[in-house]
Amino acid sequence: MPSTEPDGRRPLKSRDFPVFIGLATWLADHNATPNAISFLSIVFGGFAGLALAATAHVTGWAWHACWLFAALAIQLRLVANLLDGMVAVEGGRGGPTGDLWNEAPDRVADAAVFIGAGYAAGSHPALGFAAALVAVFVAYVRALGASLGAGQIFIGPQAKQQRMAVMTATCVLLTIYPARLIDAVPPGFFIMLALAVVIVGGLVTAVRRLKTVAEFLRRKEVSPRTKEVETAP
């Protein structure tokens with residue numbers, strides 16, 4: 001459904017967490033700009049992608065460390081996404097290019113994470129590029145709906161938070177994956193499964209959002225005609 005936030009932002013319970021409120025207030029008080037925080041999401045997304053790709057080239061403790069670092073970087077990317085809006089809106093530091101910076105870095109960060117996952121140990125690049133493409137398309141449908149007057153539609157099952165949750169959970173699993181299970185179930189199975197979930201879930205999400213936009217446009221078309229009938233002499 002369209003966002004219930006008055007400013008069209010994604011509804012997030014984490015905005016009410018004291019730790020994030022305090023951090024956003026501190027950043028605003030120290031003249032941090034929302035655009036700079038948005039740029040950090042690209043940095044963290046890039047670090048996550050590099051760590052994921054590095055798992056194909058290291059072994060032992062370094063292999064596990066790369067998965068852990070990727071999980072942390074993905075979550076830091078989400079924190080940056082959260083704080084840029086809080087500093088802009090609650091902190092009153094929004095600017096004329098805020099909407100641009102709110103969207104563009106997200107698309108780069110998504111692509112970095114998924115393309116990196118495509119080059120991870122046991123994975124396949126085609127899956128990574130496909131997941132990146134689907135993620136961009138899902139975001140495009142949301143923006144399309146907003147441009148047509150349907151509002152920001154954040155329904156899932158694979159919106160940004162869910163996509164990143166799937167990738168984070170997979171990275172945490174592989175961080176602690178026991179060596180004795182590698183021969184039975186190769187670790188690459190899990191990262192490819194995660195990418196498959198993102199791709200299939202993303203396509204379902206895009207279809208659901210397109211249907212919501214289509215329903216809005218149909219209601220919009222019927223409404224003026226109904227008013228004409230009601231006002232006719």
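**Exercise 1.** State how much space lies in the largest pocket, and determine which residues and elements line it.

*Solution.* The largest pocket holds about 640 Å³ of space. Its lining comprises 32 residues, of which Arg 9, Arg 10, Asp 99, Asn 102 and Glu 103 are the closest to the centre. Two or more lining residues come from each of α2 (34-54), α3 (60-89), α4 (98-118), α5 (125-147) and α6 (160-175). The greatest contribution, seven residues, is that of α3. Sorted by class, the lining has nine nonpolar, 12 polar and 11 charged residues.

The terms are as follows. On a 1 Å grid over the protein atoms alone, a pocket is an open set of points with protein on both sides within 12 Å along at least five of seven lines, a cavity is a set where a 1.4 Å probe fits but cannot get out, and lining residues have an atom within 4 Å of a point. Helices are DSSP runs (H or I, at least four residues) numbered from the N terminus. Asp, Glu, Lys and Arg count as charged; Ala, Val, Leu, Ile, Met, Phe, Trp, Tyr, Cys and Pro as nonpolar; and the others, Gly among them, as polar.

The model is predicted: local features need pLDDT of at least 70, side-chain atom pairs count only at pLDDT 80 or more, and totals for chains, interfaces and linings use all residues. Residues are numbered from 1 along each chain as its sequence is written, and side-chain values use heavy atoms, with hydrogens and water left out.

**Exercise 2.** Identify the helix that gives the largest share of the lining of the second largest pocket.

*Solution.* This pocket contains about 160 Å³ of space. Among its 13 lining residues, Arg 15, Ile 21, Ala 24, Met 86 and Glu 90 are the closest to the centre. Helix α1 (residues 18-29) supplies the largest share, five residues. By class, the lining divides into five nonpolar, two polar and six charged residues.

**Exercise 3.** Find how many cavities of 30 Å³ or more are counted, and describe the lining of the largest cavity.

*Solution.* The count is one cavity of 30 Å³ or more. About 50 Å³ of space lies in the largest cavity. Its lining includes Arg 10, Arg 107, Val 138, Phe 154 and Arg 209. Elements α5 and α6 each give two or more residues to this lining, and α5 gives the most, with three. Four lining residues are nonpolar, none is polar and six are charged.

Conventions: Points joined across faces, edges and corners; volume = space filled by probe spheres on them.
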